[in-house]
Amino acid sequence: MDLIFKITFLILTFSSFLVDRNMLKQEKSSVKVLYFAIALFTLVLFAADWMHRNIPMPSRFFIHTVSPWVCKLIGI
């Protein structure tokens, strides 16, 4: 990812946390847990990319494993 995109993503994520903070005060605890779990997962993936770690993507599995099998199945 480009550095400008990474910085913009961080700014948007942080501002989203600030805006959602007031809304989350009146939500049920299950919604809060889900919100913070998704946010944590997003930030962990972002940090892994920032540290140049390979992030396993489902599309890579589909392209290299499922797609050749489907092509053989339909005869392409």
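Lysine 72 counts as exposed because its relative accessibility is 71% (exposed means over 50% relative accessible area, buried under 20%, and partly exposed in between, with a 1.4 Å probe and protein chains only). This is a predicted model, in which local features need pLDDT of at least 70, side-chain atom pairs count only at pLDDT 80 or more, and totals for chains, interfaces and linings use all residues. Residues are numbered from 1 along each chain as its sequence is written, and side-chain values use heavy atoms, with hydrogens and water left out.

**Helix pair H1 and H2**

- The axes of H1 and H2 come within 12 Å and cross at roughly 165°; axes are lines fitted to C-alpha atoms, for helices over the stretch in contact, with angles from 0 to 180 degrees between N-to-C directions.
- H1 and H2 are therefore roughly antiparallel (angles over 145 degrees count as roughly antiparallel, under 35 as roughly parallel, 65 to 115 as roughly perpendicular, and the rest as oblique).
- The crossing of H1 and H2 is left-handed, meaning that the near helix is turned anticlockwise from the far one by less than a right angle, while clockwise would be right-handed.
- Helices here are DSSP runs (H or I, at least four residues), as are strands (E, at least two), numbered from the N terminus.

**Salt bridge**

- One salt bridge is found in a search of the whole structure; the term means a side-chain nitrogen of Lys or Arg within 4 Å of a carboxyl oxygen of Asp or Glu.
- The salt bridge joins the side chains of lysine 6 and aspartate 49, at 3.6 Å from N to O.
- Lysine 6 belongs to helix H1 and aspartate 49 to helix H2, so the pair ties together parts 43 residues apart in sequence.
- Both lysine 6 and aspartate 49 are buried.

**Nonpolar surface patch**

- Leu3, Ile7, Leu10, Ile11, Leu43, Trp50 and Met51 make a nonpolar surface patch of about 650 Å².
- Patches are made of residues with over 30% relative accessible area and no salt bridge, joining like charges within 9 Å and nonpolar side chains (Val, Leu, Ile, Met, Phe, Trp, Tyr) within 5 Å.
- Accessible areas come from the Shrake-Rupley method with a 1.4 Å probe, and for residues only the protein chains shown count as cover.
- Helix H1 (3-24) and helix H2 (29-50) each supply at least two residues of the patch, and the largest share, four residues, comes from H1.

**Loop between H2 and H3**

- Methionine 51 is found in the loop between H2 and helix H3 (58-74), and counts as exposed because its relative accessibility is 54%.
- Histidine 52 lies in the loop between H2 and H3, and its 70% relative accessibility is why histidine 52 counts as exposed.
- Histidine 52 has a positive phi of about 60° although it is not a glycine.
- Most residues other than glycine have a negative phi.

- Lysine 32 is in helix H2 and counts as partly exposed because its relative accessibility is 29%.
- Between lysine 32 and leucine 43 there are 16 Å in space, C-alpha to C-alpha, and the two are eleven residues apart in sequence.
- Lysine 72 is placed in helix H3; lysine 72 and isoleucine 38 are 34 residues apart in sequence and 37 Å apart in space, C-alpha to C-alpha.
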